[in-house]
Amino acid sequence: MLVKAMEVGQLSTNCYVVTDESTLECAVIDPGAESGRILNYIEENKLKPVCIMLTHGHFDHTTGVDVIQSEKDIPVYINKKDVLETGHASLKFSFRPFVRYYGEGDEIKVGSLVFRVMETPGHSEGSVTLICEDAIFSGDTLFRSSVGRTDFAGGDPDVLLDSLRRIAALEGSYDVFPGHADATTLDRERRFNPYVRVALEG
Ligand SMILES: [Zn+2]
């Protein structure tokens with residue numbers, strides 16, 4: 001598994017292109033902006049994108065979806081609760097025919113890679129965390145030493161703590177690739193992230 005992080009857009013969102021090196025099939029996680037740069041990376045490396053996966057529906061994670069989707073004709077996965085038509089009225093991400101819903105326990109295959117979906121609401125109602133091999137893509141649920149805001153519509157700090165508790169309860173350590181700022185590990189966050197510590201003590 002090859003994880004390419006690309007910081008995109010004015011809010012410095014982390015887009016990840018995750019590739020199965022045995023087949024060159026890849027998934028694009030959170031193409032928040034700069035779709036041209038993401039497509040260049042895909043084409044320069046002769047990758048075969050099979051889907052877009054969204055950790056949640058906020059615009060800074062989704063604005064690059066349409067260009068990549070129409071160029072590559074691939075499905076876009078998101079949790080139902082973060083789509084305008086079925087979620088909060090403040091969401092901007094709208095249902096379109098290429099949208100597929102995913103939720104707790106679903107598995108998305110990308111070549112030989114399997115991404116497991118964990119619903120981790122709190123930052124938004126439909127936030128998910130994606131787990132693949134020894135990597136976690138945590139969106140805006142878990143950051144290095146911090147967490148995503150809970151003051152947007154659909155956010156809830158108590159629900160976020162429950163989600164952090166569930167992530168921290170995963171066995172072993174993982175590399176954590178968050179929606180903003182630097183990557184980290186789950187072990188480090190269990191020890192040093194004040195929000196995870198509160199969640200584990202609560
Ligand atoms: Zn967000």
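Predicted model: local features only at pLDDT ≥ 70, side-chain atom pairs only at ≥ 80, totals over all residues.
User: What span should α4 have, and how far apart are its ends?
Analyst: Helix α4 covers residues 157–168, and at 1.5 Å a residue its 12 residues should span 16 Å, which agrees with end C-alpha atoms that are 16 Å apart. The expected span is 1.5 Å times one less than the number of residues, and helices (H or I, at least four residues) and strands (E, at least two) are DSSP runs numbered from the N terminus.

User: Which residues of α4 are buried?
Analyst: Leu160, Ser163, Leu164 and Ile167 are, where buried means 20 or more other C-beta atoms within 10 Å of the residue's own, exposed means 12 or fewer, and partly exposed lies in between, with C-beta atoms placed from the backbone. They cover an arc of only 100° around the axis, which puts them on the same side of α4; the arc is that of the directions from the helix axis to the C-beta atoms.

User: What do they pack against?
Analyst: The buried residues of α4 pack against β9 (128–132) and α6 (194–201), with contact taken as C-beta atoms, placed from the backbone, within 7 Å. In β9 itself, 4 of the 5 residues are buried.

User: Which strands pair with β9?
Analyst: β8 (residues 113–119) pairs with β9 in the antiparallel sense over 4 bridges, and β10 (residues 135–139) pairs with β9, also antiparallel, over 3 bridges; pairing requires at least two DSSP bridges between the strands. Val117 has Leu130 of β9 as its bridge partner, whereas Cys132 stands opposite Ala135 in β10.

User: What is in the turn between β9 and β10?
Analyst: The two strands form a hairpin with 2 residues between them, and Glu133 in that turn has a positive phi of about 50°.

User: Switching to the β3–α1 loop: is Asp30 buried or exposed there?
Analyst: Asp30, in the loop between β3 (25–29) and α1 (35–44), is buried, with 28 other C-beta atoms within 10 Å. Asp30 has a positive phi of about 55° although it is not a glycine.

User: And what about Glu34?
Analyst: Glu34 is in the loop between β3 and α1 too, but is partly exposed, with 18 other C-beta atoms within 10 Å.

How values were computed:
Residues numbered from 1 in each chain as written. Contact = placed C-beta atoms within 7 Å.
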